[in-house]
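The following note sets out numbered points on the model shown below.

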Amino acid sequence: MVLNALGVAYAFGRGVDEDIETGMAYFDRAIEYGSEAAVRNKAMLRRSVFGLGGWKKR
């Protein structure tokens with residue numbers, strides 16, 4: 001799906017300047033159309049930007 005591909009391009013800076021907000025917006029639009037790949041890519045982006053979540057062991 002093109003929307004997912006655009007999300008990857010912007011979120012990870014592939015061929016365009018990196019813009020995480022725009023990437024997330026494209027992933028959200030792709031998810032609205034039922035893209036499972038966009039769900040996975042958005043989760044990957046969230047993990048890479050915000051960490052795995054929860055408490056981290058010290």
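**Notes on the predicted model**

1. E36 is placed in helix α3, where helices are DSSP runs of H or I with at least four residues, numbered from the N terminus. E36 is exposed, with a relative accessible area of 54%; exposed means over 50% relative accessible area, buried under 20% and partly exposed in between, with a 1.4 Å probe and protein chains only. The C-alpha atoms of E36 and N4 are separated by 9.4 Å, although these residues are 32 apart along the chain.

2. This is a predicted model, in which local features need pLDDT of at least 70 and side-chain atom pairs count only at pLDDT 80 or more, whereas totals for chains, interfaces and linings use all residues. Residues are numbered from 1 along each chain as its sequence is written, and side-chain values use heavy atoms, with hydrogens and water left out.

3. N4 belongs to helix α1 and counts as buried, at 10% relative accessibility. Not counting residues up to four places away in sequence, N4 touches F27, A30, S35, A37, A38 and N41; contact means heavy atoms within 4.5 Å.

4. S35 lies in the loop between α2 and α3. With a relative accessible area of 11%, S35 is buried. Residues up to four places away in sequence aside, S35 touches M1, N4 and A30.

5. Two packed helices are described by the angle between their axes and the distance between the axes. For α1 and α2, the axes come within 7 Å and cross at roughly 165°. That makes α1 roughly antiparallel to α2. Here axes are lines fitted to C-alpha atoms, for helices over the stretch in contact, and angles run from 0 to 180 degrees between N-to-C directions. Angles over 145 degrees count as roughly antiparallel, under 35 as roughly parallel, 65 to 115 as roughly perpendicular and the rest as oblique.

6. The crossing of α1 and α2 is left-handed, meaning that the near helix is turned anticlockwise from the far one by less than a right angle. On the α1 side, L3, N4, L6, G7, V8, Y10, A11 and F12 take part, meeting I20, T22, G23, Y26, F27, R29 and A30 of α2. By class, this contact has ten nonpolar, four polar and one charged residues. Ala, Val, Leu, Ile, Met, Phe, Trp, Tyr, Cys and Pro count as nonpolar, Asp, Glu, Lys and Arg as charged, and the others, Gly among them, as polar.

7. Helix α2 (residues 20-32) also packs against helix α3 (residues 36-50), at an angle of about 150° and with the axes 9 Å apart. The two are therefore roughly antiparallel to each other, and their crossing is left-handed. From α2, the contact involves I20, M24, F27, D28, A30 and I31; from α3, A38, V39, N41, K42, L45, R46 and V49. Its classes are nine nonpolar, one polar and three charged residues.

8. The largest nonpolar core has eight residues in all: L3, V8, A11, M24, F27, A30, A38 and L45. Such a core is a set of buried Ala, Val, Leu, Ile, Met, Phe, Trp, Tyr and Cys residues joined through side-chain atoms within 4.5 Å. Elements giving two or more residues to this core are α1 (2-12), α2 and α3. V8 touches G13, R14, F27 and N41, not counting residues up to four places away in sequence.

9. E21, in helix α2, is exposed, with a relative accessible area of 68%. E21 and G7 lie 14 residues apart in sequence and 9.4 Å apart in space, C-alpha to C-alpha.
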